Amino acid sequence: MSRRRIGFWYRLAAVIAKPPLLVLFKRDWRGMEHIPADGGFITAVNHNSYLDPLSYAHFQYNTGRVPRFLAKAGLFKVGFVGTMLRGTGQIPVYRETTDALDAFRAAVAAIERGECVAFYPEGTLTRDPAMWPMAGKTGAARVALLTRAPVIPVAQWGANLAMPPYAKEKKLRLFPRKTLTVVAGPPVDLSRFHGVEPTNEVLREATEEIMRAITALLEDIRGEKAPAEPYDHRMARLEQRRKAAGEEAK
């Protein structure tokens with residue numbers, strides 16, 4: 001999608017959001033050359049703050065290739081927010097309903113139209129205590145293998161310092177002035193999965209490739225190594241339940 005086809009609603013969103021972002025934050029943007037100039041593609045982005053969708057969207061808007069986010073369906077019914085989501089062509093996700101596949105179909109259709117679809121593969125804000133990307137869900141890999149669209153990994157840092165994800169009060173911490181770092185990397189090589197039946201194992205391995213690429217970019221941003229194994233929120237919850245059951249049995 002070229003810059004001239006961004007559309008009224010995305011331009012309106014930019015008019016509203018860009019001025020405060022430019023005033024309140026510093027920027028460290030790298031890797032814009034990896035965003036394809038044309039054709040459909042996927043971005044896979046880490047998620048560590050309620051603020052980081054704006055940070056990432058600002059970065060990509062400036063490349064001229066606007067992203068179509070997958071967002072909770074309920075948000076599309078919320079007043080002005082819903083109007084903006086619908087107007088900018090975001091994709092509603094209906095979790096655990098008969099409409100759950102609609103988001104998958106809409107993502108494939110958008111890519112086939114030559115658009116960008118942005119995935120947060122973790123599915124939610126990271127629960128990792130050190131703010132590293134968690135184990136990913138397979139949605140991005142599933143769409144990538146079906147469409148064979150490039151998957152561009154994107155890592156970001158800084159929004160979480162301004163608005164920590166699980167703080168008791170969801171308010172901005174603006175001082176000292178934070179730097180919003182967004183880095184895009186080269187496409188993830190998923191060619192070994194092309195032409196292979198997309199079994200659960202294949203999708204899991206492809207997802208791990210995507211998450212490793214995102215994590216490597218974040219390691220470079222932070223200047224430190226991530227844990228050898230990504231945090232798995234599902235397994236952590238199961239372990240907590242086992243411990244709780246054990247305490248009750250005593």
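Trainee: How many bridges join S6 to strand S7, and do they run parallel or antiparallel?

Mentor: Four bridges join S6 to S7, which spans residues 179–184, and the two strands run antiparallel. Within that pairing, Gln156 stands opposite Val182. Keep in mind that this is a predicted model.

Trainee: Which strand runs parallel to S6?

Mentor: Strand S2, residues 41–45, runs parallel to S6, and four bridges join them. In that pairing Ile42 stands opposite Val151.

Trainee: How many of the residues of S6 are buried?

Mentor: Seven of seven, over residues 151–157.

Trainee: Which residues sit on one side of S6 and which on the other?

Mentor: In a regular strand, side chains alternate between the two faces of the sheet. One side of S6 has Val151, Pro153, Ala155 and Trp157, and the other has Ile152, Val154 and Gln156. Both faces are covered, and those residues are all buried. That takes in Val151, the residue opposite Ile42, and Gln156, the residue opposite Val182.

Trainee: Moving on to Ser49. Where is it?

Mentor: Ser49 is in the loop between S2 and helix H2, the latter covering 52–61.

Trainee: Buried or exposed?

Mentor: Buried, because its relative accessibility is 0%, against a cut-off of under 20%.

Trainee: What is Ser49 in contact with, neighbours within four places in sequence aside?

Mentor: Leu125, Ala159, Asn160 and Met163. With Ala159 there is also a polar approach: a polar atom of the Ser49 side chain lies 3.2 Å from the backbone oxygen of Ala159.

Trainee: Where does Arg148 lie, and what is its phi?

Mentor: Arg148 lies in the loop between H5 and S6. Its phi is positive, about 55°, and again the residue is not a glycine.

Trainee: Why does Met131 count as buried? And is Arg148 buried or exposed?

Mentor: Met131 counts as buried because its relative accessibility is 15%. Arg148 is at 51%, so it counts as exposed.

Trainee: Change of topic. How many aromatic pairs are there?

Mentor: Five. One is Phe8 with Trp9: the ring centres are 5.2 Å apart and the planes stand at 75°, so the pair is edge-to-face.

Trainee: How accessible are Phe8 and Trp9?

Mentor: Phe8 has 56% relative accessibility, so it counts as exposed. Trp9 has 30% and therefore counts as partly exposed.

Trainee: Which residues form an aromatic cluster?

Mentor: Tyr56, Phe69 and Tyr120 form one.

Trainee: Which arginine lies over the face of Trp29, and which over the face of Trp132?

Mentor: Arg27 lies over Trp29, at 4.6 Å from the ring centre. Arg222 lies over Trp132, at 3.9 Å from the ring centre.

Trainee: Where is Asp232?

Mentor: In the loop between helix H7 (200–222) and helix H8 (233–249). Asp232 counts as partly exposed because its relative accessibility is 28%.

Trainee: Last topic, the whole chain. How many helices and strands?

Mentor: Eight helices and seven strands. The radius of gyration is 18 Å, close to the 18 Å that the globule rule gives for 250 residues, so the protein is as compact as a globular protein of that length.

Trainee: What box do the C-alpha atoms fill?

Mentor: Roughly 65 × 50 × 40 Å, taken along the principal axes.

Trainee: What percentage of the residues count as buried?

Mentor: Of the 250 residues, 45%.

Trainee: And what share of the contacts with a separation of 6 or more comes from residues 24 or more positions apart?

Mentor: Such residues account for 76% of those contacts.

Definitions and conventions. Residues numbered from 1 in each chain as written. Predicted model: local features only at pLDDT ≥ 70, side-chain atom pairs only at ≥ 80, totals over all residues. Heavy atoms only, no water. Buried < 20%, exposed > 50% of the residue type's maximum accessible area, 1.4 Å probe, protein only. Pairing = 2+ DSSP bridges. Phe/Tyr/Trp six-rings, centres within 6.5 Å; stacked < 30°, edge-to-face > 60°. Lys NZ or Arg CZ within 6 Å of the ring centre and 35° of its normal. Polar contact = N/O pair within 3.5 Å; in protein donor to acceptor, adjacent residues only side chain to side chain. Contact = heavy atoms within 4.5 Å. Rg over C-alpha atoms; globule rule 2.2 N^0.38 Å.
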